[in-house]
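Let's look at this model together and ask, one label at a time, where each label comes from. Have the structure open as you read.

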Amino acid sequence: MFVPLHDDTPLKVIRFQFVTLGIIAGNVVIFLMTGAFQSDVNLANVATSFGVVPSDLTHISQNIPYSPIPEPLTFITYMFLHAGWMHLISNMLFLWVFADNVEDAFGYFAFALFYLLCGIAAALTHVMMSPDSFAPLI
């Protein structure tokens, strides 16, 4: 199994990857608040409430469950949910190793915007490919 621990590309513009660290910290805090010590039933509720459910967005589902947030906002919230410890650790490890160079190339604000826009584009692609799916994307 390939597990990156570091890369050899030095940062040229930024001194430290603050946005990447902020994204990692946000993911860890949200995971601890929503899924780290919850039962599978509670995790499923979190996933359907804050994950992207294509059938809810396309209104194919006639029985849309109560959601604490507006459905379009799930295009942002799903990016910070993880299905378990290994999902979280592997995603954050790859983010830590590879995102610093992208943040260095884009700058702080542009990288944060790029991260969010790529996440939204990925969710929209998922919805377009499986508009009738009831499974939440996290």
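Q: Leaving aside neighbours within four places in sequence, which residues is Ser133 in contact with?
A: This is a predicted model, and in it Ser133 is in contact with Val53, Pro54 and Ser55. Ser133 itself sits in the segment after H6.

Q: Why is Ser133 called buried?
A: Buried means under 20% relative accessible area. Ser133 has a relative accessible area of 18%, so the label buried applies.

Q: How far apart are the C-alpha atoms of Ser133 and Ala47?
A: They are separated by 14 Å, while along the chain the two residues are 86 residues apart.

Q: What makes Gln17 count as buried?
A: Its relative accessibility is 7%, and the cut-off for buried is under 20%. Gln17 therefore counts as buried. You will find Gln17 in the segment before H1.

Q: Which residues does Gln17 touch, not counting those up to four places away in sequence?
A: Gln17 touches Leu11, Trp96, Asp100 and Glu103. A contact here means heavy atoms within 4.5 Å.

Q: Let's step back to the whole chain. How many helices and strands are there in the protein chain?
A: There are 6 helices and 0 strands. Read from the N terminus on, the elements run α-α-α-α-α-α. The C-alpha trace spans about 50 × 30 × 30 Å along its principal axes.

Q: What percentage of the residues in the protein chain count as buried?
A: The chain has 138 residues, and 36% of them count as buried.

Q: What share of the contacts with a separation of 6 or more comes from residues 24 or more positions apart?
A: Such residues account for 79% of those contacts in the protein chain.

Q: How do you know what H1 should span, and what do its end C-alpha atoms show?
A: The expected span is 1.5 Å times one less than the number of residues. For the 17 residues of H1 that gives 24 Å, and the end C-alpha atoms are 24 Å apart, so the two values agree.

Q: Which residues of H1 are buried?
A: The buried residues of H1 are Val19, Thr20, Ile23, Ile24, Asn27 and Phe31. They cover an arc of only 140 degrees around the axis, and therefore lie on the same side of H1. What covers these buried residues includes H5 and H6.

Q: How does the reach of H6 compare with the span expected at 1.5 Å a residue?
A: H6 has 22 residues and reaches 32 Å from its first C-alpha to its last, close to the expected 32 Å.

Q: Which residues of H6 are buried, and why are they said to line one face of the helix?
A: Phe111, Tyr115, Gly119, Ala123 and Val127 are buried in H6. Seen down the axis, the buried residues of H6 fall within an arc of 155 degrees, so they line one face of the helix. Phe109, Met128 and Met129 are exposed on the face turned away from that buried side. The cover over the buried residues of H6 includes H1, H3, H4 and H5.

Q: What is the volume of the largest pocket, and how many residues line it?
A: Its volume is about 290 Å³, and 14 residues line it. Tyr78, Met79, Asn91, Tyr115 and Gly119 lie nearest its centre. H5 and H6 each supply at least two residues of the lining, and H6 gives the most, with 4 residues.

Q: How do the residues lining the largest pocket divide into nonpolar, polar and charged?
A: The lining has 10 nonpolar, 4 polar and no charged residues.

Q: What about the second largest pocket: what is its volume, and which residues lie nearest its centre?
A: The second largest pocket has a volume of about 170 Å³. Its lining has 12 residues, with Leu43, His82, Ala83, Gly84 and Ile138 nearest its centre. The elements giving two or more residues to this lining are H1 and H2. H2 gives the most, with 3 residues. The lining residues of the second largest pocket divide into 8 nonpolar, 4 polar and no charged.

How values were computed
Residues numbered from 1 in each chain as written. Predicted model: local features only at pLDDT ≥ 70, side-chain atom pairs only at ≥ 80, totals over all residues. Heavy atoms only, no water. 1 Å grid on protein atoms, 1.4 Å probe; cavity = no way out; pocket = protein on both sides within 12 Å on 5 of 7 lines; lining within 4 Å. Points joined across faces, edges and corners; volume = space filled by probe spheres on them. Nonpolar A, V, L, I, M, F, W, Y, C, P; charged D, E, K, R; others polar. Buried < 20%, exposed > 50% of the residue type's maximum accessible area, 1.4 Å probe, protein only. Arc of directions from axis to C-beta.
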